Amino acid sequence: MRSRDPVLLAFDTSGAYGSVAVGIGDTLRAGTILPDRAEHASKLLPAIDEVLREAGLEIGDVDGIVVGEGPGSFTGVRVAAATAKGLAGSAGIALRPASSLAAAALVALGEGPTSSPATGTRYALFDARGDRVYGACYRAGERTLEELVAPHAGRIDDVLEGDVPPDAVFTGDGASKHRPRLEDAGYRVVAEAGALPLAPGLLRCAGLGAAPEVGDPGSWEPRYVRASSAERLWTV
């Protein structure tokens, strides 16, 4: 029998660590991490099966799929998007994309949905190689999530020269990589700012209304924020 609370399956493969989680209402039931980026494509579906079994559920029990829509690794974002669209279409499950950056910000505040979730402001930075990053800043309340700085791509200097909320604390592998620059500029970086499992954060995104259902899963596309290197090369 299906729980009165929504059963949500969340997964993200936008970064170095992929992750899968299942939540029922305010309870995180099961989760796992995919530590090898090269195996995300081959291991994601088996990991989903494993997490559902651990939670005592089947795919038919799932009410919604919360997928990390990027930005991040183009290949990784595509893997998660294709898997989510395939499962949503074949099983008739609602598709609910959420920003991978927002998920990272919420994970830094406390993993997964809880009855008394942590609140605060987190500026998530993802490493995009060299001095480039993806970034966005969010302020989380107990029942709200406010986007203070929209998802963007650029250099770490752009972030430092931009409008950083005074109470923001940086997180994400981009913040970890550029920790000296950020701290020299007077900003705080969370202690564990490296590769984060984002699936629990996606579940909280859904709980805060930041993962709206898309009307047509087949036509939905993830948010890459910038063109891939191949697209930039062939664009005149």
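These notes cover a helix pair, a sheet and one further helix in a predicted model.

1. **How H1 and H2 cross.** Start with helix H1, residues 40-54, and helix H2, residues 74-91. They pack at an angle of about 40°, and their axes lie 10 Å apart. Angles under 35 degrees would count as roughly parallel. The angle here makes H1 oblique to H2. The crossing of H1 and H2 is right-handed.

2. **What touches what.** From H1, the residues in contact are His40, Ala41, Leu44, Leu45 and Ile48. They meet Val79, Ala80, Thr83 and Leu87 of H2. By class, this contact has seven nonpolar residues, two polar ones and no charged ones. Look at the spacing along each helix too. An α-helix has 3.6 residues a turn, so residues three or four places apart point the same way.

3. **The sheet.** Five strands form an open sheet with mixed pairing. Read across it and the order is S8-S7-S6-S9-S10. Which strands stand at the edges? They are S8 (145-155) and S10 (188-189). Each has a single partner strand, so one side of each lacks a neighbour in the sheet.

4. **The S7-S8 pair.** Strand S7 covers residues 132-140. S7 and S8 run antiparallel, joined by eight bridges. Alanine 140 stands opposite leucine 145 in S8.

5. **Helix H7.** Is H7, residues 199-207, mostly covered or mostly open? It is mostly covered: eight of its nine residues are buried. Among them are Leu202, Leu203 and Cys205, but also Arg204. Just after H7, glycine 209 takes a positive phi of about 80°.

How values were computed:
Residues are numbered from 1 along each chain as its sequence is written. This is a predicted model: local features need pLDDT of at least 70, side-chain atom pairs count only at pLDDT 80 or more; totals for chains, interfaces and linings use all residues. Side-chain values use heavy atoms; hydrogens and water are left out. Buried means under 20% relative accessible area, exposed over 50%, partly exposed in between (1.4 Å probe, protein chains only). Helices (H or I, at least four residues) and strands (E, at least two) are DSSP runs, numbered from the N terminus. Axes are lines fitted to C-alpha atoms, for helices over the stretch in contact, and angles run from 0 to 180 degrees between N-to-C directions. Angles under 35 degrees count as roughly parallel, over 145 as roughly antiparallel, 65 to 115 as roughly perpendicular and the rest as oblique. A crossing is left-handed if the near helix is turned anticlockwise from the far one by less than a right angle, and right-handed if clockwise. Contact means heavy atoms within 4.5 Å. Ala, Val, Leu, Ile, Met, Phe, Trp, Tyr, Cys and Pro count as nonpolar, Asp, Glu, Lys and Arg as charged, and the others, Gly among them, as polar. Two strands pair if DSSP finds at least two bridges between them.
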